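Work through the exercises below with the model open. Try each task before reading its solution.

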Amino acid sequence: MSEFYDALEQRDPAVREAALLAALPARVAHAQARSSAMGELLAGVNAAAITSRDALARLPVVRKHELLERQQHSRQSGPGGDPFGGFSAIGWEGLKASRGARRVFQSPGPIYEPEGTAADYWRMARAIWAAGFRPGDLAHCSFSYHLTPAGSMMETGAHAIGCTTFAGGVGNTELQLQAVAELAPQGYIGTPSFLKILIDKAAEGGVNVAGMRKALVSGEAFPPSLRDWLLERGVAAYQAYATADLGLIAYETSAREGLVIDEGVLVEIVRPGTGDPVPDGEVGELVVTTLNPDYPLIRFGTGDLSAVLAGHCPTGRTNRRIKGWMGRADQTTKVRGMFVHPGQVAEVGRRHPELGRLRLVVEGEMANDRMTLKVELGQVPEGLAERVAHSVRDITKLRADVVWCTPNSLPNDGKVIEDARSYQ
């Protein structure tokens, strides 16, 4: 049986890029027409002109806090308000007639997400297949089936492959371990930490779980040390990067070299606090445009840091790869009682376009904060330091020293604001 879920994974990269870009104008127009929130955010945009990555990069980035704020505002307006804050193109009223929401989920915030009627709605089958699951397998799913969409995301993906699922859910460790022992599933789907708990408990109690040889894990960090620990115990686990808003974004393969981007999304890496794409290899915030017509999120900022990996996956999958989760992009910090945001650092750069990369370092002890703006620049014109320092004070209302750095000398970790203060 093929290692690939479908032929899309081996497309010529130019063919894939052309297909994604060709779909963009219709998706942007659909979002404008069917999603009141996106219609407002994209007001005045000529959808027909969004045919390139450069054109896409000129559209605003929608971040999760904005989605939450719009949902909260709608709920506070009283009965009859849109619980999705105007971002969903479907509601549950239209389910019988055509395409309505089959389920509604609640994520922390709370944020409400719709699930439409499309098969494998969250597009998780591709990741589950890459983790080694095949038709006829029994998958033990220990993601939550209540409130959040994780259980449904994984289950519908497994069903699309032809797997049977055991709805383990979260908690009840002893009962779940009993089910693993008695049902002998071929694989596990859930968080890596709970998989470790199950295997530890099995070893303590002498329970045989040797039939469970593969796993797809998500929902939390999956360090190499835990990956290797699981391999030593006979379980080959692979990770998927997904969110409740977007579904699958990227997934790990047997090559274990980064995560391959899903075929149904368009991914950008932007400088934190901005919507400006960074060069491949540079760490920045991961921004995703989904082609899902039910929940048409255009340039949705995940708030997570990542970077594009050079080259293609050794398995033969030709889509671009990312390094995986590398931290959070929201580096907002409080200095002398004032919040300083990555967007303010980006504004300094916009006022002085001759500057290279910027990094605002906050140092000192509590109540004795010092700010230093580190700037990459080759030749420094006379008086530029004073002008940049003035801009920092004008934008943040705080003083900062300006320190010049040679180009490409700042760490490539996506940090725009580094909090180096001592809290001891």
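The model is predicted: local features need pLDDT of at least 70, side-chain atom pairs count only at pLDDT 80 or more, and totals for chains, interfaces and linings use all residues. Residues are numbered from 1 along each chain as its sequence is written, and side-chain values use heavy atoms, with hydrogens and water left out.

**Exercise 1.** Find the salt-bridge partner of Asp 262 and classify both side chains as buried or exposed.

Solution. 
- Apply the rule: a side-chain nitrogen of Lys or Arg within 4 Å of a carboxyl oxygen of Asp or Glu.
- Asp 262 meets Arg 126, at 3.4 Å from N to O.
- Locate them, taking helices (H or I, at least four residues) and strands (E, at least two) as DSSP runs numbered from the N terminus. Asp 262 sits in the loop between strands E10 and E11, Arg 126 in helix H5, 136 residues apart.
- Buried means under 20% relative accessible area, exposed over 50%, partly exposed in between (1.4 Å probe, protein chains only).
- Asp 262 has 2%, so it is buried. Arg 126 has 7%, so it is buried.

**Exercise 2.** Locate the salt bridge between Lys 196 and Asp 200.

Solution. 
- The closest N and O atoms are 2.9 Å apart.
- Both residues lie in helix H8, 4 residues apart, about one turn.
- Lys 196 is partly exposed at 30%, and Asp 200 is partly exposed at 28%.

**Exercise 3.** Describe how E19 and E20 pair.

Solution. 
- Pairing requires at least two DSSP bridges between the strands.
- E19 (368-376) and E20 (401-405) run parallel over 5 bridges.
- The chain crosses between them through helix H11 (384-396), and the β-α-β crossover is right-handed. With the strands pointing away from the viewer, the path from the first strand over the helix to the second runs clockwise.
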